[in-house]
Amino acid sequence: MNPLTDRQRTVLHLGLDAFDRSARRRRRFARVARTGLAAGLMMAILAIALDATRPARAQIPRCVEFITTDGELAGALRLADACEHVERSGGRLRVVECIALAPPVPGTPPGR
């Protein structure tokens with residue numbers, strides 16, 4: 001076997017050092033990636049657990065209508081002003097509407 005010259009030994013040493021640095025960098029990246037994945041999974045599990053323990057949201061009854069425009073509000077106030085009476089019982093407010101001022105229901109004959 002031929003002996004290596006000083007220059008060949010230097011190049012070989014530099015190449016081995018570069019290989020070691022690259023291998024350490026890959027191992028470090030893999031360790032960070034595993035740690036990040038584990039942390040992400042733990043956060044997802046925690047979020048799911050917190051969501052499962054949160055009480056169910058109250059559902060709005062179907063009879064509730066939201067007034068979204070000024071015109072709807074004005075009409076509702078006119079109708080409420082023409083009501084026969086407003087009664088309160090058990091913390092609830094009940095409005096009895098006048099049929100004459102109520103908007104017509106589609107598919108019913110006039111006057112009903």
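A residue counts as exposed when its relative accessible area is over 50%, as buried when that area is under 20%, and as partly exposed in between. By that scale aspartate 6, at 57% relative accessibility, is exposed. The model described here is predicted, with a mean pLDDT of 80 for the protein and 71% of its residues reaching 70 or more.

**Confidence**
- Among the elements of the protein, helix α1 has the highest mean pLDDT, 94, whereas strand β1, residues 85-89, has the lowest, 64.
- Where pLDDT is low, the predicted coordinates should not be read in detail.

**Salt bridges**
- The count of salt bridges comes to 2.
- One of them joins the side chains of aspartate 6 and arginine 9, with an N to O distance of 2.8 Å; these residues lie 3 apart in helix α1 and are therefore separated by about one helical turn.
- Arginine 9, with a relative accessible area of 43%, is partly exposed.
- Aspartate 51 and arginine 54 also meet through their side chains in a salt bridge, at 3.5 Å from N to O, and arginine 54 is partly exposed, its relative accessible area being 49%.

- Leucine 4 belongs to the segment before α1 (6-53), and at 41% relative accessibility leucine 4 is partly exposed.

How values were computed. Residues are numbered from 1 along each chain as its sequence is written. Side-chain values use heavy atoms; hydrogens and water are left out. Helices (H or I, at least four residues) and strands (E, at least two) are DSSP runs, numbered from the N terminus. Buried means under 20% relative accessible area, exposed over 50%, partly exposed in between (1.4 Å probe, protein chains only). pLDDT is the predictor's confidence in each residue, from 0 to 100. A salt bridge is a side-chain nitrogen of Lys or Arg within 4 Å of a carboxyl oxygen of Asp or Glu.
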